[in-house]
Amino acid sequence: MAELTPGRDLSADQVGTGIEHLLAVILNWGVFLSAGVILLGLLLLFVGPAYGGPEYLTSLPSIWAGLWQGNPNAIMMGGMLLLLVTPVIRVVAAVAAFAVRRERWHVLISISVLLILLASMAAGQGH
Amino acid sequence: MSPGLAAEIFAVSIGVGILGALLGLGGGILVVPLLTLYMGVPIGQAAGASLVATIATSSGAAAVLLKNGMTNIRLGMFLNLATTAGSLAGALLAVYFSSGWLMLIFGLLLLYSAFAMFRKRGSELPEGVVEHPLAARVGLSGQYYDRSLGRVVQYKVAGVLAGFGVMFGAGLMSGLLGIGSGALKVLGMDVCMRLPWKVSTATSNFMIGVTAAAGVGVYLAQGKIHPPTAAPVALGVLVGALVGSRLVPVFKSGTLRTIFVPVLMVMGAQMIWRGVF
């Protein structure tokens, strides 16, 4: 967080530098990339050739395979998965940013969040 | 799925994204009834849209809220410890609980919160906040630039333990009921930790994505995400969240609180309805 003097008038840009700015840039890239892929899949679904593949894709290998076959559902799922992992990327970026600044408490907290998050995601796959 | 219906879902989702980003909610709780009751999408195709909408709101709005300094990342990460642990516990315990009773209790809690929020509707910034020793030790207090007030707002964090407890409860609800519980997060930060309203909603917005991401594995494996339904929801909510997050700095906190009240009432009524029927 930028150093601030109380009472001084500051623009929004000066407050949000450092970790906030880095996270914002990473999130923006993730969001725009995923939106582009989802849009591509949706357009293919409506204007592309009819595709007879499965509507629901429930595993990473099936999505991966579908991508190479040009299955619009797989492309949409691929884009949505990119979107769904942006929160994980957010936590990883926070760990790195806190580590660079040697904020030990916050590195420890963020790593713990990451571990619980990954455990939950893995537990879900086993259902 | 016809192009017309997809366009309609996209348009409605923009509204959900705006509201979610403005208020720090996932919007999942709004998008499912809109899809099923209003547009006639089968529930099996709509369920996964809730998770997609929550993460889209969180990630779509996060960039702008972060750049304005309203999101308290250190506090958000600290509280995410409680929400992710609660969510994991909830998912493991879900088989032992009757979801009907839980929804009823959660719905009543939301209605009571709406009443409490209505009484606080005019309040702009918290006053006389005494910093909790733990907040001082870990370094959780902060500052943000409030454009509607035209100045930098410095704030302290109170009630760290109570807030942590509420967040564990919110995570537990997410795990047990499969909902995002953004409303509980906002209320916990506002009532227990006495944060400025915009810091509460922006930090909640940052946190709901992480809590929701814990459920991605389950949703994928159970085939709950129907691509032709969820894709226009994702795109619409992203557009809405980009717009909504840009509106947060413009509005006064008192105005945003007032918008929160009817949304809480609708959510509470819906939860009670689902719990009873």
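Tutor: We can begin with a definition: a salt bridge is a side-chain nitrogen of Lys or Arg within 4 Å of a carboxyl oxygen of Asp or Glu. This is a predicted model, in which local features need pLDDT of at least 70, side-chain atom pairs count only at pLDDT 80 or more, and totals for chains, interfaces and linings use all residues. Residues are numbered from 1 along each chain as its sequence is written, chains are lettered from A and ligands numbered from 1 in the order in which they are written, and side-chain values use heavy atoms, with hydrogens and water left out.

Student: How many salt bridges are there over all chains?

Tutor: The structure holds 5. One of them joins Asp146(B) to Lys198(B), with the closest N and O atoms 3.1 Å apart. Asp146(B) belongs to strand β1 and Lys198(B) to helix α9 of chain B, so the pair links distant parts of the chain, 52 residues apart. Helices (H or I, at least four residues) and strands (E, at least two) are DSSP runs, numbered from the N terminus.

Student: Are Asp146(B) and Lys198(B) buried or exposed?

Tutor: Both are buried. Buried means under 20% relative accessible area, exposed over 50%, and partly exposed in between, with a 1.4 Å probe and protein chains only.

Student: Which partner does Arg257(B) meet in a salt bridge?

Tutor: Arg257(B) meets Asp190(B), at 3.0 Å from N to O. Arg257(B) is in helix α12 and Asp190(B) in helix α8 of chain B, so this pair ties together parts that are 67 residues apart in sequence. Arg257(B) and Asp190(B) are both buried.

Student: Which residues do salt bridges with shared partners join into one network?

Tutor: The network consists of Arg101(A), Glu103(A) and Arg74(B). Within it, the side chains of Glu103(A) and Arg101(A) meet at 3.9 Å, N to O. Glu103(A) counts as buried because its relative accessibility is 19%, whereas Arg101(A), at 36%, counts as partly exposed.

Student: Where is Glu103(A) found, and what does Glu103(A) touch?

Tutor: Glu103(A) is in the loop between α5 and α6 (104-125) of chain A. Leaving out residues up to four places away in sequence, Glu103(A) touches Ile19(A), Phe98(A) and Arg74(B). A contact means heavy atoms within 4.5 Å.

Student: Back to helix α8 of chain B, please. How many of its residues are buried?

Tutor: Helix α8 (residues 182-192) of chain B is mostly covered, with 9 of its 11 residues buried. Among them are Leu184(B), Val186(B), Leu187(B), Met189(B) and Asp190(B).

Student: What do the buried residues of α8(B) pack against?

Tutor: They pack against α1 (3-23), α4 (73-93), α5 (99-119), α7 (160-177), α9 (197-213) and α12 (253-276) of chain B. Following α8(B) is Arg194(B), whose phi is positive, near 55 degrees.

Student: And strand β1 of chain B: which strand do bridges join it to?

Tutor: Strand β1 (residues 142-146) runs antiparallel to strand β2 (residues 151-155) of chain B, and 5 bridges join the two. Two strands pair if DSSP finds at least two bridges between them. Gln143(B), for example, has Gln154(B) in β2(B) as its bridge partner. The two strands form a hairpin with 4 residues between them, and Gly150(B) in the turn has a positive phi of about 70 degrees.

Student: Changing topic, how many helices and strands does chain A have?

Tutor: Chain A has 6 helices and 0 strands. Buried residues make up 44% of its 127 residues. Of its contacts with a separation of 6 or more, 54% are between residues 24 or more positions apart.

Student: Which helix of chain A has the lowest mean pLDDT?

Tutor: Helix α1 (residues 12-15) has the lowest among the elements of chain A, at 40, while helix α4 (residues 72-84) has the highest, at 93. Here pLDDT is the predictor's confidence in each residue, from 0 to 100. Over residues 1-16 of chain A the pLDDT is below 50, although this stretch has 30 contacts in the model beyond near neighbours in sequence. Where pLDDT is low, the predicted coordinates should not be read in detail. For chain A the mean pLDDT is 81, and 83% of its residues reach 70 or more.
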